[in-house]
Amino acid sequence: MKKLDNELVISKAKSIGFDLIGFAKAVELSEEIEKLNIWLEKKFQAGMNYMERNIHKRKNPKEILPDAKSIISLGLIYNTPFYHSNNKEFGKISRYAWGKDYHLIIWEKLEQLENELKSIDSDFKSISYVDTGPVMDKVWAVRAGLGWMGKHTNIINRDTGSWFFISNIICNYEFEYSETIPDFCGDCTACIDACPTDAIVQPYVVDSNKCISYQTIENKNEIPLELKGKFENWLFGCDICQEVCPWNKKFSITTSLTDFYPKHKEFTYSEIIQIDEETFKNKFAESPIKRTKLSGLKRNAKFLFE
Ligand code: SF4
Ligand code: SF4
């Protein structure tokens, strides 16, 4: 007899702190993979070569967990009631990276949830990911009804906005599947109009080569000179397309998780230039900012201010 159902999973996930929970059937993602392949052909992944690998796993969750039946998609809000100073002397850090690294927080929550579900039914098998594996995390979030993909390609929920992290549990259990949410972008083009580098090349398509987030975090090389003067003081990541979105302006809610409260919100040029390796390691040990390494952070500061 089935010991787990939607209601039980939702109540466990909520008590652990997840804000959004949905269920999608583990099927092959033919249409979505076709779109991914077109995006890759255009080289919009820039230097993120890992996007080209394991396409078969991205397409079919059964390539990851052979008896996969469902994806439990989970959202965790990271928005806090704080803002950048907008003082031009400061380089801004993207909102998602103000506090503790979300991987550390979400891995712990996923482990707890999966353990609790396994303790109810020892036949429950699962593998979970927080944007680190070959999983189409946004696609599953949409299919599980967490929200719709906005024209800026982030997932938007009508009640909470788009400031949330997505994680997914692939599991061998069948559930009742969630209804998908229609696209409520309508005629709006606020994100496309506000993007200072025209990185949203068409609705729902971002060219990473032009995106400040990619350039300041993922790019391991120099930032292309044609982007100089266009970064609007973004030192690590970029929130512009989400900041201007009417759904975030009207409906975004904040988290009570103080781990996401700002420790690193903005820095002056001289603060960054003076940091040495030892200080960087200690200061950002538990921060997503460590991803760009000290050399990347200094490169970004020079690109913005020199
Ligand atoms: S993150 Fe910034 S640069 Fe990238 S698409 Fe959004 S507004 Fe444009
Ligand atoms: S700014 Fe407008 S077009 Fe862009 S994601 Fe938000 S609602 Fe959609």
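Leaving aside its neighbours within four places in sequence, which residues is Leu76 in contact with?

1. Leu76 is in contact with Phe18, Asp19, Ile106, Phe164 and Phe165, once neighbours within four places in sequence are left aside; contact here is C-beta atoms, placed from the backbone, within 7 Å. A word on conventions: residues are numbered from 1 along each chain as its sequence is written, while chains are lettered from A and ligands numbered from 1 in the order in which they are written. This is a predicted model, in which local features need pLDDT of at least 70, side-chain atom pairs count only at pLDDT 80 or more, and totals for chains, interfaces and linings use all residues.

2. Have a look at β7 (residues 164-171), where eight of eight residues are buried, that is, with 20 or more other C-beta atoms within 10 Å of their own, C-beta atoms being placed from the backbone. Strands are DSSP runs of E, at least two residues, numbered from the N terminus. Phe164, Ile166, Asn168 and Ile170 point one way, and Phe165, Ser167, Ile169 and Cys171 the other.

3. β7 pairs antiparallel with β2 (residues 70-77) over eight bridges; pairing requires at least two DSSP bridges. Ile72 stands opposite Ile169.

Methods: A residue is buried if 20 or more other C-beta atoms lie within 10 Å of its own, exposed if 12 or fewer, and partly exposed in between; C-beta atoms are placed from the backbone. Helices (H or I, at least four residues) and strands (E, at least two) are DSSP runs, numbered from the N terminus. Two residues are in contact if their C-beta atoms, placed from the backbone, lie within 7 Å.
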